[in-house]
Amino acid sequence: MVDRADQSRRLRHFSRVMAWITGLGIVLIAAATCLVFLIPEWTRGLLLARLGTAGAELQTTPDRVLLGAAVTAIPVGVMLYGLWRVRALFLDFAEGMVFTLATARRLRDFAVTILAQALLGPLSSTALLIAFTISNPPGSRQLGIALSVNDYIALIVGSVLLAVAWVMAEATRIAEENASIV
């Protein structure tokens, strides 16, 4: 027999820990993103990580770095918003609010940001390559599209979470209807 009080306590504890970890992640991701574009070696590392060998020869002039930072700000901003929403979801769970319309909306928002990341990954890689080669002379500019398994996984995971959010919202609506009948 499952002890519901013990399960609820575990969920609340887990959710408090995850809210803290998510909050820390928000701060660290924002700080690291800023540092990446302030430290030239880190900028080069980002380019290599995102573009592979295509990033190896790119020049990191101040105007290109500024343009790269602007390009990167979009997916990072979406990611930070998603983490903010999932942090709020964990805080709700920590307070015992599990099946509410608010929790379903927060899960939906997080799912949408994961789906957006699936699209923004390849688009931002392409935009980074353009940003770092746009001022090159004709014939030495680059255009490339980087696709990864991570983009596909983000598409699937985001879709699953979006479906679960819809199910949660529907379950909440049904529960509220049933409660109003009694």
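The lining of the largest pocket divides into 16 nonpolar, 10 polar and two charged residues. Here Ala, Val, Leu, Ile, Met, Phe, Trp, Tyr, Cys and Pro count as nonpolar, Asp, Glu, Lys and Arg as charged, and the others, Gly among them, as polar. The model is predicted: local features need pLDDT of at least 70, side-chain atom pairs count only at pLDDT 80 or more, and totals for chains, interfaces and linings use all residues. Residues are numbered from 1 along each chain as its sequence is written, and side-chain values use heavy atoms, with hydrogens and water left out.

In total, 28 residues line the largest pocket. Arg-50, Pro-75, Met-79, Gln-117 and Gly-121 lie nearest its centre. A pocket is an open set of points on a 1 Å grid over the protein atoms alone, where a 1.4 Å probe fits, with protein on both sides within 12 Å along at least five of seven lines; lining residues have an atom within 4 Å of a point. The largest pocket holds about 600 Å³ of space. That volume is the space filled by probe spheres set on the points, which are joined across faces, edges and corners. H1, H2 (40–51), H3, H4 (101–133) and H5 (149–181) each give two or more residues to the lining. H4 supplies the largest share, nine residues. Helices are DSSP runs (H or I, at least four residues), numbered from the N terminus.

H1 (residues 4–36) packs on H3 (residues 62–94) at an angle of about 160 degrees, with axes 8 Å apart. Axes are lines fitted to C-alpha atoms over the stretch in contact, and angles run from 0 to 180 degrees between N-to-C directions. H1 and H3 are therefore roughly antiparallel, a term for angles over 145 degrees. Their crossing is left-handed: the near helix is turned anticlockwise from the far one by less than a right angle. Contact residues (heavy atoms within 4.5 Å) include Phe-14, Met-18 and Ile-26 of H1 and Met-79, Leu-83 and Phe-90 of H3. The H1–H3 contact comprises 16 nonpolar, five polar and three charged residues.

The axes of H3 and H4 come within 9 Å and cross at roughly 165 degrees. These two helices are therefore roughly antiparallel. The crossing of H3 and H4 is left-handed. Their contact has 21 nonpolar, seven polar and five charged residues.

H4 and H5 cross at roughly 160 degrees, and their axes come within 8 Å. H4 and H5 are therefore roughly antiparallel. H4 passes H5 in a left-handed crossing. The contact of H4 with H5 contains 19 nonpolar, six polar and two charged residues.

Conventions. Angles under 35 degrees count as roughly parallel, over 145 as roughly antiparallel, 65 to 115 as roughly perpendicular and the rest as oblique.
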